[in-house]
2 protein chains.
Amino acid sequence: MPRYKLLLEYDGGDFVGWQRTDTGPSIQGALEEAVFAFCGEKLDVTGAGRTDSGVHAAGQVAHVDLPKAYRADTVRDAINAHLYPKPIAILHAEEVADDFHARFSAIGRTYLYRLADRRPPLTLTRGQVWRIPQSLDIDAMHEAAQLLCGEHDFTTFRDAQCQAKSPIKTLDVLDVSRAAGEVHVWAQARSFLHRQVRSLVGTLAEVGRGKWQVRDARRALEARDRAACGPVAPPDGLCLMRVEY
Amino acid sequence: MPRYKLLLEYDGGDFVGWQRTDTGPSIQGALEEAVFAFCGEKLDVTGAGRTDSGVHAAGQVAHVDLPKAYRADTVRDAINAHLYPKPIAILHAEEVADDFHARFSAIGRTYLYRLADRRPPLTLTRGQVWRIPQSLDIDAMHEAAQLLCGEHDFTTFRDAQCQAKSPIKTLDVLDVSRAAGEVHVWAQARSFLHRQVRSLVGTLAEVGRGKWQVRDARRALEARDRAACGPVAPPDGLCLMRVEY
């Protein structure tokens with residue numbers, strides 16, 4: 001059973017999220033159906049990150065053990081043909097060692113959260129950007145973000161359903177900047193808690209709007225209390241950009 | 001009747017184009033309906049460029065004469081509310097002098113054409129990028145593009161339906177570069193012939209694929225013959241970025 005590493009891109013808008021479930025179409029389910037159509041076997045496709053409903057990916061990674069060896073480009077093109085017209089595509093496939101694991105071998109994950117601080121509704125970027133109808137103070141957001149970086153107990157920024165054993169994570173990067181007429185928040189860590197990025201962005205947005213002071217973000221962190229978190233940002237703006245091994 | 005200048009953004013994917021017609025929903029028609037809902041009068045909305053079906057805009061400009069003076073922000077927000085959820089938005093509105101004309105006062109138009117040279121189908125950028133499933137030689141494309149700049153008879157790159165009196169135009173900029181994992185073609189001129197940008201891009205793509213030599217693009221121009229044009233690029237990748245006055 002040769003193992004293949006798959007680099008994936010998808011628009012998560014019409015899916016219930018990465019994980020296969022009975023409640024609706026999932027990215028994982030769509031991939032497993034396409035793999036079945038390709039090789040005739042029901043196989044598990046394991047992802048690096050379980051993106052939520054509505055969350056996108058430009059660089060998700062998954063692995064699958066195929067029943068026999070194929071050329072990597074054949075794996076990519078054939079599964080893509082079965083996925084189409086669903087907005088999910090394998091950008092790259094390669095055979096990897098049996099001990100490669102998309103989730104457990106990952107040593108870094110990078111997310112981009114896109115915001116637009118404008119009154120007019122979105123058109124070209126609808127579903128991929130969170131619109132906030134007032135101008136954001138991104139200097140204050142970036143300053144607050146720096147107070148959240150490092151190793152901390154992120155209980156405040158963790159969904160109540162989060163299944164991680166420990167709330168302690170190391171946030172390596174949380175950068176806020178203007179780019180292409182939008183506000184971009186880049187977040188990087190070895191791994192994240194459930195809804196951690198959206199919780200962090202929601203809190204930073206409160207700072208950007210001037211409802212919270214910069215130090216309030218740090219106080220929220222130190223409260224180690226989910227109730228201290230700002231409103232969680234919607235999934236639309238979030239995209240898993242890169243997984244490192 | 002105070003005149004308002006409107007800066008517009010839209011996703012042209014589900015429209016028959018800018019121009020009001022009986023054949024389906026148009027951008028102009030949608031705007032005129034929203035203006036009617038706002039002020040109760042059937043008024044003409046005049047655009048700077050008549051974008052084709054499927055062509056987008058991030059900076060189209062239009063003007064409309066409203067029956068009375070309103071605050072510019074009210075014009076923007078009220079018409080946007082009537083446009084929603086159609087993917088058309090007024091980014092900015094301002095009152096202008098009566099002699100301002102969105103089309104005839106314009107002295108420059110800038111288009112961006114986005115291509116992706118990749119085998120995997122598009123997901124996040126579907127409908128906004130032209131995918132070409134092989135790698136493009138962008139140096140050759142840019143070199144060919146330079147041979148098409150300047151004042152020329154652009155009969156080769158003009159749609160058979162074009163209503164312009166003269167096929168002579170001055171193409172100020174035609175730049176090809178890689179950006180954000182895509183191939184971007186920027187085109188700038190005082191005005192363009194019908195389908196000129198898509199005709200130019202289609203021809204440059206032939207050069208990028210290696211089917212045409214750089215000099216073939218110049219020969220096509222010099223032929224002054226529509227039949228000498230490469231295949232016209234699809235509308236998806238084209239976006240009207242800016243109109244100058």
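**Notes on the model**

1. This is a predicted model, in which local features need pLDDT of at least 70 and side-chain atom pairs count only at pLDDT 80 or more, while totals for chains, interfaces and linings use all residues. Residues are numbered from 1 along each chain as its sequence is written, and chains are lettered from A and ligands numbered from 1 in the order in which they are written.

2. On the sheet, one pairing can be followed residue by residue: in β10(A), Leu112(A) has Cys239(A) as its bridge partner. The strand pair concerned is β5 (residues 108-117) of chain A and β10(A), which run antiparallel and are joined by 6 bridges; strands count as paired if DSSP finds at least two bridges between them. Strand β10 (residues 238-244) of chain A also pairs with strand β3 (residues 56-65) of chain A, here in the parallel sense and over 2 bridges.

3. Chain A as a whole comprises 5 helices and 10 strands, where helices (H or I, at least four residues) and strands (E, at least two) are DSSP runs numbered from the N terminus. Its radius of gyration is 19 Å, close to the 18 Å that the globule rule gives for 245 residues, so chain A is as compact as a globular protein of that length; the radius is taken over C-alpha atoms, and the rule is 2.2 Å times the number of residues to the power 0.38. Taken along the principal axes, the C-alpha atoms of chain A fill a box of roughly 55 × 40 × 30 Å.

4. Of the 245 residues of chain A, 43% count as buried; a residue is buried if 20 or more other C-beta atoms lie within 10 Å of its own, exposed if 12 or fewer, and partly exposed in between, with C-beta atoms placed from the backbone. Among the contacts of chain A between residues at least 6 apart in sequence, 71% join residues at least 24 apart, a contact being two residues whose C-beta atoms, placed from the backbone, lie within 7 Å.

5. How are the two chains related? Chain A can be laid on chain B with an RMSD of 0.0 Å by a turn of 180° and a shift of 0.0 Å along the axis, which is the relation of a two-fold axis. The superposition is by least squares on the C-alpha atoms of residues with pLDDT of at least 70 in both copies. Of the residues of chain A, Thr125(A) comes closest to the rotation axis, with its C-alpha at 4.7 Å.

6. The contact between the chains takes 21 residues from chain A and 21 residues from chain B. On the side of chain A that touches chain B, the elements that give two or more residues are β1 (3-10), β3, α2 (72-83) and β4 (88-96) of chain A, and the largest share, 4 residues, comes from β4(A). That side divides into 11 nonpolar, 4 polar and 6 charged residues, with Ala, Val, Leu, Ile, Met, Phe, Trp, Tyr, Cys and Pro counted as nonpolar, Asp, Glu, Lys and Arg as charged, and the others, Gly among them, as polar. Because 100% of the interface residues of chain A are also interface residues in chain B, the copies meet through the same surface.

7. Helix α4 (residues 196-208) of chain A has 13 residues, which at 1.5 Å a residue should span 18 Å, and its end C-alpha atoms are 18 Å apart, which agrees; the expected span is 1.5 Å times one less than the number of residues. Since 11 of the 13 residues of α4(A) are buried, the helix is largely enclosed by the rest of the structure; among them are Val197(A), Leu200(A) and Leu204(A). Gly210(A), which follows α4(A), has a positive phi near 85°.

8. Some backbone geometry deserves a careful look, since most residues other than glycine have a negative phi, and most peptide bonds are trans. Arg195(A), in the loop between β9 (182-189) and α4 of chain A, has a positive phi of about 60° although it is not a glycine, and with 22 C-beta neighbours inside 10 Å it counts as buried. In chain B, phi of Arg195(B) is near 65°. The peptide bond from Tyr84(A) to Pro85(A) is cis, with omega near 5°, and Pro85(A) is found in the loop between α2 and β4 of chain A. A cis peptide bond also joins Tyr84(B) and Pro85(B), with omega about 10°.
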